[in-house]
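Subject: Structure handover

Hello,

Here is the structure I said I would pass on. My notes on what was found in it follow below.

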Amino acid sequence: MKATQTHIQTLSIGLDDGTAASLEAINKKFSAVKRNPCKLIQLDGQWHTMLLDSSENQAVRPVLATLRHRIQRYEYAFMARKHSVSESAKEHKTILDLIQDRKQKKAAQVVQAQWLNSLKILKPLIKPKVD
């Protein structure tokens, strides 16, 4: 997770008002979706892509795109959980607020916590069953 934190700290994200408003709008749609994991994955992807598009560090984009592709089926299971979606929406808002307040280090900590929480939820789904 230290790599994730380092990437966020070095993203140099500077959000203009239009991008911040778009991120807020996407997150509102995200939190309003009910029982549609495919739509949630789409909106979550849009949110993260738009956030990364605001970064000066474009090297991290292909790395995260590859990672998202590899975990897609697990992301579906994650998005099927109502509690996971509401938590993700809250975390998106917190990350956006911190970046707007120029608190990159704290934003990185929230992203790291978001990843760890997601892994905790998904671990039972990934763990191979022993007969």
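In this predicted model, helix H5 spans residues 72-79, and its buried residues are Glu75, Phe78 and Met79. These residues take up an arc of only 90 degrees around the axis, so they sit on the same side of H5. Their cover includes helix H2 (17-32), helix H3 (37-53), helix H4 (60-70), helix H6 (82-100) and helix H7 (104-126).

Two packed helices are described by the angle between their axes and the distance between the axes. For H3 and H5, the axes come within 9 Å and cross at roughly 110 degrees. An angle of 65 to 115 degrees counts as roughly perpendicular, and H3 and H5 are therefore roughly perpendicular to each other. Their crossing is right-handed. On the H3 side the residues that take part are Pro37, Cys38, Leu40, Ile41 and Asp44, and they meet Gln72, Glu75, Tyr76 and Met79 of H5.

H3 passes H4 in a right-handed crossing. The contact involves Ile41, Asp44, Gly45, His48, Thr49, Leu52 and Asp53 from H3, and Val60, Arg61, Leu64 and Arg68 from H4.

Apart from its neighbours within four places in sequence, His48 is in contact with Arg68, His92 and Gln114. His48 and Ala65 are 17 residues apart in sequence, and their C-alpha atoms are 9.9 Å apart in space.

Most residues other than glycine have a negative phi. Arg35, in the loop between H2 and H3, is not a glycine, yet it has a positive phi of about 50 degrees. Arg35 is exposed, with a relative accessible area of 86%. Arg102 is found in the loop between H6 and H7; it is not a glycine either, and its phi is positive at about 60 degrees. Arg102 is exposed too, at a relative accessible area of 67%.

For the chain as a whole, the secondary structure comes to seven helices and zero strands. Of its 131 residues, 37% are buried. Among contacts with a separation of 6 or more, 72% are between residues 24 or more positions apart.

Finally, a word on confidence. The mean pLDDT of the protein chain is 81, and 87% of the residues reach 70 or more. Confidence is highest in H2, at a mean of 93, and lowest in helix H1 (residues 2-9), at 45. The pLDDT is below 50 over residues 1-10, a stretch that has 17 contacts in the model beyond near neighbours in sequence. Where pLDDT is low, the predicted coordinates should not be read in detail.

Regards

Notes:
Residues are numbered from 1 along each chain as its sequence is written. This is a predicted model: local features need pLDDT of at least 70, side-chain atom pairs count only at pLDDT 80 or more; totals for chains, interfaces and linings use all residues. Side-chain values use heavy atoms; hydrogens and water are left out. Buried means under 20% relative accessible area, exposed over 50%, partly exposed in between (1.4 Å probe, protein chains only). Helices (H or I, at least four residues) and strands (E, at least two) are DSSP runs, numbered from the N terminus. The arc is that of the directions from the helix axis to the C-beta atoms. Contact means heavy atoms within 4.5 Å. pLDDT is the predictor's confidence in each residue, from 0 to 100. A crossing is left-handed if the near helix is turned anticlockwise from the far one by less than a right angle, and right-handed if clockwise. Axes are lines fitted to C-alpha atoms, for helices over the stretch in contact, and angles run from 0 to 180 degrees between N-to-C directions. Angles under 35 degrees count as roughly parallel, over 145 as roughly antiparallel, 65 to 115 as roughly perpendicular and the rest as oblique.
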